[in-house]
Amino acid sequence: LYNVEQLEILRGPNALLFGRGGTGGVINRVLKKGIIGSQFTEYQVTVDTFGAYGAQIDSNFGINEDSAFRINAFYEHLENHRDHYDGERFGVNPTVKFLFGEKTTLDVSYEYNDNERFIDRGIPTGDDGKPIESLDDVFFGDSELNESTFEAHVLRAALQHRFSDELKGRLDLAYGDYDKYYANFYTANYDEADEEVTLDGYADTTERQTLTLSSGLIGEFETGEIEHTVIFGAEYVTTQNDNDRFNPDFGASSLAGRSDQEVFKLSDIGDFSGGSGINAAGNSVTGNFTDLNDNTEADLNVISLYVQDEIALSENFDLILGARFDRIDFDVDLLDAGGNVTDSRSQVDEEITPRLGFVFKPKEHISLYASYSKSFLPQSGEQFASVGGNNIDLDPNEFTNLEAGIKWDFNNRMSMTAAIFELQQDAKDTDGAGNTFDIETEINGFEAQFLGQITDSWFVSAGYSYLDGEIKEEDASVIGNRPRELPKHSFSVWNRYDFTEKLSLGLGVIYQDETYITSDNDTELPSYFRIDAAAYYQLSENLRLQVNIENLLDEDYYPHAHGDHQVTVGAPIHARFAITGRF
């Protein structure tokens with residue numbers, strides 16, 4: 001987030017403007033841009049009690065009266081509460097803004113990111129289906145080979161022009177070159193009675209180049225007494241993706257009964273390193289990543305058109321009508337270890353997805369709304385290697401969203417929003433034999449949020465959500481089960497109190513209900529409370545000290561999981577100190 005000016009959490013049906021995947025909502029990053037006529041430098045230095053530290057800088061200055069240069073950069077050294085975990089991150093993002101007359105601006109930027117970190121897939125669950133607390137401090141994996149590296153070069157350009165007071169347009173270009181490596185061993189099974197661990201793993205490399213061209217027009221006009229705000233947009237995306245994955249090979253004598261897995265005693269798991277260790281039979285074994293699982297080359301091309309009309313039928317009633325067309329064409333070649341094509345697959349998906357909504361304002365400070373939308377996600381998703389095999393159905397996943405809600409501004413200091421919604425997902429999944437079956441999931445929910453300045457010194461942000469879901473169609477054994485990691489109740493409350501003009505304190509609580517780790521509903525993550533605190537002290541107009549304390553009561557908790565035996569261990573109490581300045 002070092003180069004993010006604003007983070008927008010857009011709930012609900014945003015697929016019309018953001019395209020595939022924007023079903024239940026979108027997190028939109030608005031990046032920092034050059035500011036003409038302004039000169040400043042902001043910096044921040046941080047350190048936490050685990051030993052992690054970092055620094056970032058944001059500097060802007062005018063080149064002349066019609067242009068400005070801004071650069072953001074950061075460095076972070078990673079540490080946490082788990083053994084072996086470390087890493088480094090670095091990023092730099094220079095950007096230039098040009099002003100051509102009063103109506104046209106051009107922003108051009110380049111971003112480089114370099115990320116290296118240790119991979120920790122967590123701890124196993126026990127016979128009771130819950131994480132084994134006594135293993136919270138045990139690392140299950142390879143202390144040398146569990147790592148991920150990521151390097152990215154991204155070029156962006158954004159041209160905006162105001163044709164008149166009623167019409168403005170934009171043209172955006174983005175090109176990204178990405179190189180990722182991800183290798184890990186993790187727990188595939190755990191025998192609690194015999195204290196035996198079955199390790200599995202893979203090493204995955206991805207090289208991807210993506211070019212995105214998008215344009216849009218926003219116009220305002222009237223037909224009689226009816227006002228219209230029309231958005232029209234077009235987008236073209238082309239992606240080339242090369243991906244391979246290698247499994248470990250422990251040999252035919254593996255105790256797990258398959259060569260890509262091996263069984264170890266719990267007492268010996270800490271000695272597994274470099275792909276080698278002592279298995280449960282007392283034999284020395286090695287499982288380097290040499291067994292090719294898949295090797296794919298994919299080309300993806302997307303053409304999209306969308307239009308939306310927000311119609312002000314009266315002072316109190318707005319009608320929203322929209323539609324989006326997407327054509328997604330991808331080709332995938334499956335290759336052997338020598339780079340020879342062994343199979344090819346292709347798919348063209350064309351969909352028109354609608355959006356319908358209205359906003360009714362019975363009073364100036366109260367808005368009632370309802371919306372209906374559909375969106376879809378190609379079967380390839382972002383993992384193109386998953387579409388190999390002739391038994392896999394490549395039809396896209398479809399999503400339908402119904403939502404109604406209210407926004408109420410009590411005054412200029414306090415507001416409340418609330419919504420009820422239903423999200424239906426019709427998707428595909430594959431079994432171990434490479435066969436496709438249908439999944440239909442329905443989630444109904446309610447959420448509410450309050451933001452308010454209770455007094456001149458006391459600010460509160462609070463949110464609550466209720467989610468009820470059911471798997472309607474899949475493998476017969478899970479029909480009627482609850483979808484994975486779907487908490488029934490969750491809420492958060494954050495308070496900030498200004499004791500003086502310089503000193504402020506914060507206190508908050510997060511609660512999440514228990515959730516199932518997988519759709520089998522055999523294992524679960526327990527519910528948890530977490531209390532956090534903060535203190536802010538303004539040393540001067542341009543210098544601030546801050547400390548954030550997470551998990552103030554030092555509770556054991558497990559926020560999420562990759563699978564039945566890959567449960568993330570929440571961090572114990574720790575503090576992060578920051579110095580923020582400006583000159």
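Analyst: What follows covers the ground rules, strand pairing, salt bridges, surface patches and some backbone angles.

User: Ground rules, please.

Analyst: This is a predicted model, where local features need pLDDT of at least 70, side-chain atom pairs count only at pLDDT 80 or more, and totals for chains, interfaces and linings use all residues. Residues are numbered from 1 along each chain as its sequence is written, and side-chain values use heavy atoms, with hydrogens and water left out.

User: Start with pairing. How many bridges join β15 to β16?

Analyst: 17 bridges join β15 (residues 289-312) to β16 (residues 317-335), and the two strands run antiparallel. Strands here are DSSP runs of E, at least two residues, and helices are runs of H or I, at least four; both are numbered from the N terminus. Two strands pair if DSSP finds at least two bridges between them.

User: What sits between β15 and β16?

Analyst: Four residues; the two strands form a hairpin. A312 has D318 in β16 as its bridge partner.

User: And how many bridges join β16 to β17?

Analyst: 19 bridges, with β16 and β17 (residues 341-363) running antiparallel. I320 stands opposite G357 in β17. This pair also forms a hairpin, with five residues between the strands. G339 in that turn has a positive phi of about 85 degrees.

User: Is G338 buried or exposed?

Analyst: Exposed, because its relative accessible area is 63%. The cut-offs are under 20% for buried, over 50% for exposed and partly exposed in between, with a 1.4 Å probe and protein chains only. G338 lies in the loop between β16 and β17. Its C-alpha atom is separated by 9.9 Å from that of N295, 43 residues apart along the chain.

User: Switching to charges. How many salt bridges in the whole structure?

Analyst: A search finds 23. A salt bridge here is a side-chain nitrogen of Lys or Arg within 4 Å of a carboxyl oxygen of Asp or Glu. Side chains of opposite charge can pair when their charged atoms come close.

User: Which residue does R70 pair with?

Analyst: D58, with the closest N and O atoms 2.7 Å apart. R70 lies in β5 (residues 67-78) and D58 in β4 (residues 53-64), so the pair ties together parts that are 12 residues apart in sequence. Both R70 and D58 are buried.

User: Which residues are in the network with them?

Analyst: E5 and K32 are linked with D58 and R70 in a network of salt bridges.

User: What about D204?

Analyst: D204 forms a salt bridge with R245, at 3.2 Å between the closest N and O atoms. The pair links distant parts of the chain: D204 is in β10, R245 is in β11 (residues 226-248), and they are 41 residues apart. D204 counts as buried because its relative accessible area is 9%. R245 is at 24%, so R245 counts as partly exposed.

User: Now the surface. Which residues form the negative patch?

Analyst: D86, E88, D114, E116, E151, D179 and E207. Patches are made of residues with over 30% relative accessible area and no salt bridge; like charges are joined within 9 Å, and nonpolar side chains (Val, Leu, Ile, Met, Phe, Trp, Tyr) within 5 Å. Asp and Glu count as negative, Lys and Arg as positive; His and the chain ends are not counted. A charge is placed at NZ of Lys, CZ of Arg, CG of Asp or CD of Glu.

User: Where is E151?

Analyst: In strand β8 (residues 147-162). E151 is partly exposed, because its relative accessible area is 32%.

User: And the nonpolar patch?

Analyst: That patch is about 890 Å² and includes W458, Y497, F499 and L545. Accessible areas come from the Shrake-Rupley method with a 1.4 Å probe; for residues, only the protein chains shown count as cover. β24 (503-512) and β27 (528-540) are the elements that give two or more residues to the nonpolar patch. L545 is in β28 (residues 543-550).

User: Last topic, backbone. What is the phi of E195?

Analyst: Near 50 degrees, a positive value in a residue other than glycine. Most residues other than glycine have a negative phi. E195 lies in the loop between β9 (167-191) and β10 (196-223). E195 is at 44% relative accessibility, so E195 counts as partly exposed.

User: And E485?

Analyst: Its phi is near 50 degrees, also a positive value. E485 lies in the loop between β22 (458-473) and β23 (489-498). E485 counts as partly exposed, because its relative accessibility is 25%.
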